[in-house]
Amino acid sequence: MNVRRARVAAQHASLALVSFLFVLLAWELVHTTGGVSAAVARGRTPPAPTFSQEALDGSGSITLDDYAGRVVVINFWASWCGPCRVEAPVLERLWRKWRSHVVSFIGIDVRDSKDAARAAAKAGGVSYPLADDASGRVVQLYGVGALPATFIVSPQRRVVYAHVGFVAAAELDARIRRVVDAG
């Protein structure tokens, strides 16, 4: 009988240890830095990670540093992402509205073929600069886990807004207005 109790006790201890490790892993995943996206979700305004990526149209590179002193809307997207394709005309309309101000838009194409991305951009009427992130480096820096994902960078190079999923025009417009008005 004592052997049986010892086995049951060992099983319970093993189960408790595995449960504890699972909870610890979950806590770690939620509370680690996880890039810019996680920091913004926790109410912080982290510095915008800089990047220099090849332009999707092959015209050179798109570098965040080239937009110093401007509000920058960064949108991560892909041609295979249905919500991204629906969102493209919304972003284009806002780009056209804000481009005469101190606001720039940059699209970052993620895990995509260049031909498919170019075709999707053309179909969506996208005219703002598009970069290729075939390596996934920029996605990782910004902590993007799902597409589409949109970030706003202030003129002081702080990420002040992050949104995962389709962003409504009114929401993004209001967020841009706040950042522009704050200077």
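These are my notebook entries on what I looked up in this predicted model.

**Ground rules.** I number residues from 1 along each chain as its sequence is written, and side-chain values use heavy atoms, with hydrogens and water left out. Local features need pLDDT of at least 70 and side-chain atom pairs count only at pLDDT 80 or more, while totals for chains, interfaces and linings use all residues.

**Confidence.** I began with pLDDT (the predictor's confidence in each residue, from 0 to 100). The protein chain averages 87, and 85% of the residues score at least 70. Next I looked up helices and strands, which are DSSP runs numbered from the N terminus (H or I, at least four residues, for helices; E, at least two, for strands). Helix H1 (residues 2–31) has the lowest confidence, a mean of 53, and strand E3 (residues 71–77) the highest, at 98. Over residues 16–33 pLDDT stays under 50, and the model has seven contacts there beyond four places in sequence; a contact means heavy atoms within 4.5 Å.

I found an open sheet of five strands in the order E5-E4-E3-E6-E7, with mixed pairing (two strands pair if DSSP finds at least two bridges between them). The edges are E5 (130–133) and E7 (159–164), each pairing on one side only. Strand E4 (residues 103–110) pairs with E5 in the parallel sense over four bridges. In this pairing, Ile-108 stands opposite Ala-131 in E5.

**Helices on the sheet.** H3 lies across E3, E4 and E6 (149–153), at about 160° to E4. H6 touches E3, E4, E6 and E7, and its direction makes about 15° with that of E6. For these angles, axes are lines fitted to C-alpha atoms, for helices over the stretch in contact, and angles run from 0 to 180 degrees between N-to-C directions.

**H3 against H6.** How do the axes of H3 and H6 cross? The axes of H3 (residues 82–98) and H6 (residues 169–182) come within 10 Å and cross at roughly 30°. The two helices are therefore roughly parallel to each other (angles under 35 degrees count as that). Residues making the contact include Val-90, Leu-91 and Trp-98 of H3, and Leu-172, Ile-176 and Val-180 of H6.

A cis peptide bond joins Leu-147 and Pro-148, with omega about -10°. Pro-148 is in the loop between helix H5 (137–142) and E6. Arg-111 is not a glycine, yet has a positive phi of about 45°; Arg-111 lies in the loop between E4 and helix H4 (114–123).

Definitions and conventions. Parallel < 35°, antiparallel > 145°, perpendicular 65-115°, else oblique.
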